[in-house]
Amino acid sequence: MSFLPDKNTDYASVAYWNERYGTEESFEWCKSYAAFKDLIRKEVQPTDRILMLGCGNSSLSEDMYRDGFHRITNVDYSSVVVENMKNRSSEARSMQWLVMDIKDLKFESGSFDVVIEKATLDALLVAERDPWRLSENGRILMDEILIQVSNVLSSNGRFISITFAQPHFRKRLYAREQYGWNIRTETFGDGFHFFFYVMTKGERLSEQDAQLQSTWTNHNLESQSTVARFQEDNNDDSYLNSIEM
């Protein structure tokens, strides 16, 4: 069965995901844990309280649990996938799974030491037509989410974003002083690179990143591309080149 939606904007629809998760057992966006576990181990401690945003049916949480990270809370706005994942394995049964929209996180301030998202923000940005200049709705949506992510992070907590999006597109979203973090970027993957952003709360933006803030609301920024398509990867994520951002 093909899980490609009728149109790319369906990737942002809970109805699409509920239908897909009703039959799909597992899918990995941006590679599996093995491809970037060394980066995770460098940034995350076994005792850290971890929040997985938009967990989907990825095995990431289970793989991390097997690797010694046991304090994991998973959230997704699809009730179907949350119910499916709760009892998928002994590792899954040892974690918390909650139906929750990442645009409305129901946690107290400082509840987590690490927040991880893997291609969740990518899915929410599929309606964007110009990667150099987000729409007003896109900017508002990202700002709402990132303010909440910053709020639930503890002091010196880390927000880890694993994505297809290259730094010249994505760093402009993360580089805002109001979030109270700095930004570091790593890459992983062979041939086709994926990006691993680490935002550490309580550390200041670099001077260069701070200058990116002006592009957030600059409606006169000249568009350098009307549509950016992902390069085709010859592994499990190959069909994602159909998503436009």
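**Chatting through the sheet and its cores**

Reader: Hi! Before we start, what kind of model is this?
Author: Hello! This is a predicted model.

Reader: Thanks. What is the strand order in the sheet?
Author: The order is S3-S2-S1-S4-S5-S7-S6, in an open sheet of seven strands with mixed pairing.

Reader: And which strands stand at the edges?
Author: Those are S3 (96-99) and S6 (184-188). Each has a single partner strand, so one side of each is left without a neighbour in the sheet.

Reader: How many degrees are neighbouring strands turned against each other on average?
Author: The average is 20 degrees, direction ignored.

Reader: Nice. In which sense do S1 and S4 pair?
Author: In the parallel sense, over four bridges, with S1 covering residues 50-53 and S4 covering residues 112-118. Within that pair, methionine 52 has isoleucine 116 of S4 as its bridge partner.

Reader: Which helices pack on the sheet?
Author: Among them is H4 (residues 79-86), which touches S2 (72-76) and S3, its direction making about 165 degrees with that of S3. Helix H7 (residues 136-152) also packs there, touching S1, S4 and S5 (153-163), and its direction makes about 135 degrees with that of S5.

Reader: Back to H4: which residues are buried there?
Author: Val81, Val82 and Met85 are buried in H4. Seen down the helix axis, the buried residues of H4 fall within an arc of 100 degrees, so they line one face of the helix.

Reader: Let's switch to the core. Which residues have the most contacts inside the largest nonpolar core?
Author: They are Phe36, Ile40, Met64, Ile116, Ile160 and Phe196, in a core of 33 residues. Elements that each supply at least two residues of this core include H2 (37-43), H3 (60-66), H4 and S7 (194-200).

Reader: Isoleucine 116 again! What is it in contact with?
Author: Leaving aside neighbours within four places in sequence, isoleucine 116 is in contact with Ile40, Ile50, Leu51, Met52, Leu53, Leu60, Met64, Ile160 and Ile162.

Reader: What does the second core include?
Author: That core is separate and has 31 residues, including Val149, Phe159, Tyr179 and Trp181.

Reader: One last thing: is glutamate 91 buried or exposed?
Author: Glutamate 91 is buried, because its relative accessible area is 17% and the cut-off for buried is under 20%. Glutamate 91 is placed in helix H5 (residues 90-93).

Reader: And what is glutamate 91 in contact with?
Author: Apart from neighbours within four places in sequence, glutamate 91 is in contact with Glu62, Tyr65 and Arg66.

Methods:
Residues numbered from 1 in each chain as written. Predicted model: local features only at pLDDT ≥ 70, side-chain atom pairs only at ≥ 80, totals over all residues. Heavy atoms only, no water. Pairing = 2+ DSSP bridges. Axes fitted to C-alpha atoms, helices over the stretch in contact; angles between N-to-C directions. Contact = heavy atoms within 4.5 Å. Buried < 20%, exposed > 50% of the residue type's maximum accessible area, 1.4 Å probe, protein only. Arc of directions from axis to C-beta. Core = buried A, V, L, I, M, F, W, Y, C linked by side-chain atoms within 4.5 Å.
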